[in-house]
Amino acid sequence: MPQEPEPGPDAARAARRRQFAEAARAERPDLALLCLLIAAEADPALDEAGIDEAQIELDRLAGLLPYAPVGGPEAWARNLAALLGTRNGFGGSPADYRRLESSLLHEVLRRRRGLPILLSVVWMEVARRAGAPVYGVALPGHFVVGFGDPLGAHVLADPFGGGRPLSEEDTALLVAGATGEPLSRRMTAPAGPLEIVLRVLNNIRAWAQARPEHSAVQLWALELSLLLPSHPARLRHERAQLLVERGEFLAGAAELEEYARVVEAVEPAGAKRIRRQAAAARAMLN
């Protein structure tokens with residue numbers, strides 16, 4: 001019998017996006033899988049086998065941790081730092097902010113380098129597999145991890161710094177350096193998987209926005225963000241404007257008009273302004 005033809009790149013991308021949307025709507029979203037599906041948008045060579053290999057690597061690392069160490073949250077944080085920071089060299093530096101690979105989980109696992117949030121994803125996924133009480137903490141400007149009870153006995157650690165423990169004073173300094181604001185309890189609340197995924201995509205959008213030659217990256221990061229069950233409505237406006245900037249005037253104008261209909265009830269003046277943008281986009285075809 002003749003073999004079925006391999007799906008083309010467009011069909012493969014559409015299938016990955018359906019998988020991403022389904023995973024984001026799962027009762028318990030798989031953070032590692034969602035991050036790997038993001039990575040597959042940037043690296044078409046990352047196929048199902050590559051995604052499985054990355055998950056297996058997380059399993060392997062988790063198997064190197066002692067189960068239920070004596071010492072509670074502090075022991076978990078210390079053991080993760082020894083395994084991932086010291087023995088395996090996971091960490092970051094300012095140069096990592098300039099690389100898209102620093103936001104792609106399979107590349108972070110390969111290079112042992114990444115942004116704070118991706119390194120934190122590695123820590124969380126390895127620790128979770130080993131049974132640790134771990135959670136992510138979306139501090140303004142710097143993502144870290146927590147061990148223990150967020151409302152009780154807990155410790156924070158900084159995977160970007162190789163797993164250095166963070167005292168309350170250290171955490172306050174990180175926040176003050178990023179925002180100038182004092183540390184509040186709200187800032188150290190656990191971050192849910194979809195909040196983390198949206199922040200990863202925001203980082204990718206920001207990286208691409210600073211590099212106009214990578215507008216295609218900004219576009220797919222926006223499109224994945226819009227597949228999440230909850231996302232800022234302004235992302236639809238940003239996508240429409242980006243389509244116009246990329247020369248897709250009709251598609252951009254149509255999306256601007258659709259966004260204007262969405263916001264008209266609460267912001268009529270804003271809707272009028274957006275319709276003018278749509279008209280200007282169409283005029284570029286004349």
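Arginine 111 counts as buried at 18% relative accessibility, where buried means under 20% relative accessible area, exposed over 50% and partly exposed in between (1.4 Å probe, protein chains only). The structure is a predicted model, in which local features need pLDDT of at least 70 and side-chain atom pairs count only at pLDDT 80 or more, whereas totals for chains, interfaces and linings use all residues. Residues are numbered from 1 along each chain as its sequence is written, and side-chain values use heavy atoms, with hydrogens and water left out.

The side chain of arginine 111 meets that of aspartate 96 in a salt bridge, with an N to O distance of 3.5 Å; the term denotes a side-chain nitrogen of Lys or Arg within 4 Å of a carboxyl oxygen of Asp or Glu. Aspartate 96 lies in the loop between α4 (72-87) and α5 (105-111), and arginine 111 lies in helix α5, so the pair ties together parts that are 15 residues apart in sequence. Helices (H or I, at least four residues) and strands (E, at least two) are DSSP runs, numbered from the N terminus. Aspartate 96 is likewise buried, at 3% relative accessibility.

In total, the structure holds 21 salt bridges. One of them joins glutamate 101 to arginine 99, with the closest N and O atoms 3.5 Å apart. Here glutamate 101 is partly exposed, its relative accessible area being 27%, and arginine 99 is also partly exposed, at 36%.

A further salt bridge is formed by the side chains of glutamate 238 and arginine 205, at 2.6 Å from N to O. This pair links distant parts of the chain, since glutamate 238 belongs to helix α10 (residues 234-245) and arginine 205 to helix α8 (residues 193-209), 33 residues apart. Both partners are buried: glutamate 238 has a relative accessible area of 13%, and arginine 205 one of 7%. Elsewhere, salt bridges with shared partners connect Arg13, Arg17, Glu41, Glu223, Arg239 and Glu255 in one network.

Helix α8 also packs against helix α2 (residues 31-42), the two axes coming within 10 Å and crossing at roughly 20°. Axes are lines fitted to C-alpha atoms, for helices over the stretch in contact, and angles run from 0 to 180 degrees between N-to-C directions. The crossing angle makes α2 roughly parallel to α8, given that angles under 35 degrees count as roughly parallel, over 145 as roughly antiparallel, 65 to 115 as roughly perpendicular and the rest as oblique. The contact (heavy atoms within 4.5 Å) involves Leu31, Leu34 and Ile38 of α2, together with Pro193, Leu194, Ile196, Val197, Val200, Leu201 and Ile204 of α8.

Among the strands, β3 (residues 154-158) has 4 of its 5 residues buried, so it is largely enclosed by the rest of the structure. Strand β3 pairs with strand β2 (residues 142-148) in the antiparallel sense over 4 bridges, pairing being assigned if DSSP finds at least two bridges between two strands. Phenylalanine 147 stands opposite valine 155 of β3, and a hairpin of 5 connecting residues joins β2 to β3. Strand β3 also runs antiparallel to strand β4 (residues 164-166), to which 3 bridges join it; leucine 156 has leucine 166 of β4 as its bridge partner. A hairpin with 5 residues between the strands is formed by β3 and β4, and glycine 162 in its turn has a positive phi of about 80°.
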